[in-house]
Structure formats: structure tokens, C-alpha cells
Amino acid sequence: MRSWMRAARQAASICASVASARANAIDSESRLLKAEQDFKRNDELFKKALISDTDYTAAKVAYDGAKANLENARANITRAEGSLKQAKDQLGQLKAQAEEVEQAQQAAAEAGLDGGGHRCCLRPVLTGTGGSTCAPNRW
């Protein structure tokens, strides 16, 4: 059960990472659009010799940087989604294992077996204080 809870917390954390990566990608897309517009405007001005080489280069560097940032943001989404898939797969495996254990325990209880596969040899016996306890069955 602890493994399942740990895996569930990890999946929730990774899910938040996926959402964060997607938000970063949206931000990167908007920054790229602005950098692209600025570069196109500066490119036209540079062709008309209305801005310096330095201003043109700064716009080009900003545009190239924004493209790289968007590519990185998209790669982060892919990585986070891959991690989320692994966490979900692990949760599925743990859930299946827990269901198998529960079914085996139910079958054993119905057959009168304890957890070790032995026939249960305990029966309630009244104690002197009015409560009950288990004692070995002597049949």
C-alpha cells in the first residue's frame, strides 16, 4: 500500500510538471512571436540602413534564442509526458498486484487458510474477563 501511495504522489507531482512544461511552452511561443515580429521589423530597417548592425544582430540573437527556448520547452513536455506515462504504468502494475493479493487473501479466507497457506487452527475462546482471544484449536 505504501508503494502505491508513493507512486500516486509521484504521478501527481509529474502531472504538475507536465502542466508546468505546457505553460512554459505557451510562454515560449508568445515570446517567439514577439521576437519574430521584432526581427522582421529590424530586418526591414536594416535593409534600408535605418538601424545599426548592433541593433540588427541583437534582434536576430533574440529571435534565435526564442526559437531555441521553444524547442527546449517542447522537449521538456515530451520528457514530462514520458515520465508521467511511466508513473501511470507503475501505478497500474501496483494496482494489479494489490488486486491479486486481495483476491488470494479472500480465497484463502474462504478456504479457511491463513496467510501461509495453512489451515487456520485458531478459534475464539472466552477469557475470564468476558473478552475473547484466540487459542489453538485442539481437534
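Predicted model: local features only at pLDDT ≥ 70, side-chain atom pairs only at ≥ 80, totals over all residues.
View 1. Residues are numbered from 1 along each chain as its sequence is written, and side-chain values use heavy atoms, with hydrogens and water left out. Of the 139 residues, 18% count as buried (buried is under 20% relative accessible area, exposed over 50%, partly exposed in between; 1.4 Å probe, protein chains only). Among contacts (heavy atoms within 4.5 Å) between residues at least 6 apart in sequence, 53% join residues at least 24 apart.

**View 2. Helix H1 (residues 2–47) packs with helix H2 (residues 53–111) at an angle of about 160°.** The two axes are 7 Å apart; axes are lines fitted to C-alpha atoms, for helices over the stretch in contact, and angles run from 0 to 180 degrees between N-to-C directions. H1 is therefore roughly antiparallel to H2 (angles over 145 degrees count as roughly antiparallel, under 35 as roughly parallel, 65 to 115 as roughly perpendicular and the rest as oblique). The crossing of H1 and H2 is left-handed, meaning that the near helix is turned anticlockwise from the far one by less than a right angle. By class, this contact has 26 nonpolar, 10 polar and 13 charged residues. Ala, Val, Leu, Ile, Met, Phe, Trp, Tyr, Cys and Pro count as nonpolar, Asp, Glu, Lys and Arg as charged, and the others, Gly among them, as polar.

**View 3. The buried residues of H1 pack against H2.** H1 has 46 residues and reaches 66 Å from its first C-alpha to its last, close to the 68 Å expected at 1.5 Å a residue (the expected span is 1.5 Å times one less than the number of residues). Its buried residues include Ala7, Ala11, Ile14, Val18, Leu32 and Phe39. Asn42 and Asp43 are also among them. An α-helix has 3.6 residues a turn, so residues three or four places apart point the same way.

**View 4. Ser28, in helix H1, is in contact with Asn69, Leu70 and Ala73.** Neighbours of Ser28 within four places in sequence are left aside in this list. Ser28 is buried, with a relative accessible area of 11%. Leu70 and Ala73 are among the buried residues of H2.

**View 5. The buried residues of H2 pack against H1.** They include Ala59, Tyr63, Ala66, Ile77, Leu84 and Ala108. H2 has 59 residues and spans 86 Å from its first C-alpha to its last, close to the expected 87 Å. Thr78 also lies in H2, but is exposed, with a relative accessible area of 54%. Thr78 and Arg22 are 56 residues apart in sequence and 9.7 Å apart in space, C-alpha to C-alpha.

**View 6. Ala49 sits in the loop between H1 and H2.** Just after H1, Ala49 takes a positive phi of about 60°. Most residues other than glycine have a negative phi. Ala49 is exposed, with a relative accessible area of 64%.

Note on methods:
Helix = DSSP H or I, 4+ residues; strand = E, 2+ residues; numbered from the N terminus.
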